Amino acid sequence: SGRRAEYFPVVYRESLADADPRGALGFDIASDPRRRIALERAQDSGLPAATGRLRLVSAAGDRTGFWVVAPVYAPGLIPTTAPERSRQLIGFAQGVFQVKALVDTALAEMESGGLHFLVVDRTPGGPPEVLHHHRSRAGQHDGAVTTDEAVIRAELHYSHPLDVAGRRWELLFFPSARYLAVAHTGRAWETAAAMLLATLAVAAF
């Protein structure tokens, strides 16, 4: 981790998926620049803060994910300024999320209606990062499905911003060939995309 004034090791962990949730115990969150930035934002603002795309330290399957950290202060105190928050900080609570698992959970009770979509992190200060590419089961016979944003935006598409603990995400929906073949109107699939967006937002929060 290198020598620093402060260290933030993982000391307790519960997992709904990992067979051995102890895998990340002892990992110093502040040793990674992306995680450290989120820690500093949470500490200074008093609000939850998300990281950008990460390769998770301990996870099954696809390890692409992100962390959300929330500051924990001394009992009975509600610091109102950044210096007070820094002095009263006793640690952080964190949530670790696999993007694919988050999307799969959101869609567990529904199909994406023939819509493919990208989840893109567009937070200012860094390049856009594709967090996840979802391919609709109804469009499995489309052949190769592009993930090129320029190609997607040149055709029918629907996009919507989403704030995730201080990060700026975009959900970019586009219809499968099968969806278009059954003569759905653009307005109809925009409505389907909006319903799917609502489902994803509820699952995320």
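This is a predicted model: local features need pLDDT of at least 70, side-chain atom pairs count only at pLDDT 80 or more; totals for chains, interfaces and linings use all residues.
Strands of a sheet pair through backbone hydrogen bonds, either parallel or antiparallel. Here, 4 strands come together in an open sheet, and reading across it gives the order E6-E5-E8-E7, with antiparallel pairing. Strand E6 (129-134) and strand E7 (158-164) are found at the edges; each has a single partner strand, so one side of each lacks a neighbour in the sheet. From one strand to the next, the twist averages 20°.

On one side, E5 is joined to E8 in the antiparallel sense over 7 bridges. Within this pairing, Leu118 stands opposite Leu172 of E8, and Val119 has Leu171 of E8 as its bridge partner. E5 is also joined to E6, again antiparallel, by 5 bridges. There, Phe117 stands opposite His134 of E6.

How many residues of E5 are buried? The count is 7 of the 7, so the strand is largely enclosed by the rest of the structure. In a regular strand the side chains alternate between the two faces of the sheet. In E5, Leu115, Phe117, Val119 and Asp121 are on one side, while His116, Leu118 and Val120 are on the other. Both faces of E5 are covered, as the residues on either side are all buried.

Helix H3 (residues 99-106) comes next. The buried residues of H3 are Val99, Leu102, Val103 and Ala106. These four cover an arc of only 95° around the axis, which places them on the same side of H3. As for its placement, H3 lies across E5 and E6 and runs at about 40° to E6.

His132 lies in strand E6 and has a relative accessibility of 10%, so His132 counts as buried, the cut-off being under 20%. Which residues does His132 contact, leaving aside its neighbours within four places in sequence? They are Val99, Lys100, Val103, Phe117, Leu118 and Val119.

A pair of aromatic rings is described by the distance of the centres and the angle of the planes. The structure contains 4 aromatic pairs. One of them is the stacked pair of Phe66 and Phe97, with 5.2 Å centre to centre and 20° between the planes. Phe66 belongs to strand E3 (residues 64-73) and Phe97 to strand E4 (residues 89-98), so this pair ties together parts that are 31 residues apart in sequence.

The rings of Phe117 and Phe173 make a tilted pair, because their centres are 5.4 Å apart and their planes stand at 50°. This pair links distant parts of the chain, with Phe117 in strand E5 (residues 115-121) and Phe173 in strand E8 (residues 167-175), 56 residues apart. Both Phe117 and Phe173 are buried. Ring pairs also link Phe66, Phe97 and Trp169 into a cluster. A charged side chain meets a ring elsewhere: Arg35 lies over the face of Trp67, at 4.3 Å from the ring centre.

Two alanines complete the picture. Ala30 lies in the segment before helix H1 (33-45) and is buried, with a relative accessible area of 4%. Ala30 and Pro9 are 21 residues apart in sequence, and their C-alpha atoms are 8.0 Å apart in space. Ala82, in helix H2 (residues 82-88), is partly exposed at 31% relative accessibility. Ala82 and Arg41 are 41 residues apart in sequence and 9.9 Å apart in space, C-alpha to C-alpha.

Key:
Residues are numbered from 1 along each chain as its sequence is written. Side-chain values use heavy atoms; hydrogens and water are left out. Rings of Phe, Tyr and Trp (its six-membered ring) pair if their centres lie within 6.5 Å; planes under 30 degrees apart count as stacked, over 60 as edge-to-face and the rest as tilted. Buried means under 20% relative accessible area, exposed over 50%, partly exposed in between (1.4 Å probe, protein chains only). A charge sits over a ring if NZ of Lys or CZ of Arg is within 6 Å of the ring centre and within 35 degrees of the ring normal. The arc is that of the directions from the helix axis to the C-beta atoms. Two strands pair if DSSP finds at least two bridges between them. Axes are lines fitted to C-alpha atoms, for helices over the stretch in contact, and angles run from 0 to 180 degrees between N-to-C directions. Contact means heavy atoms within 4.5 Å.
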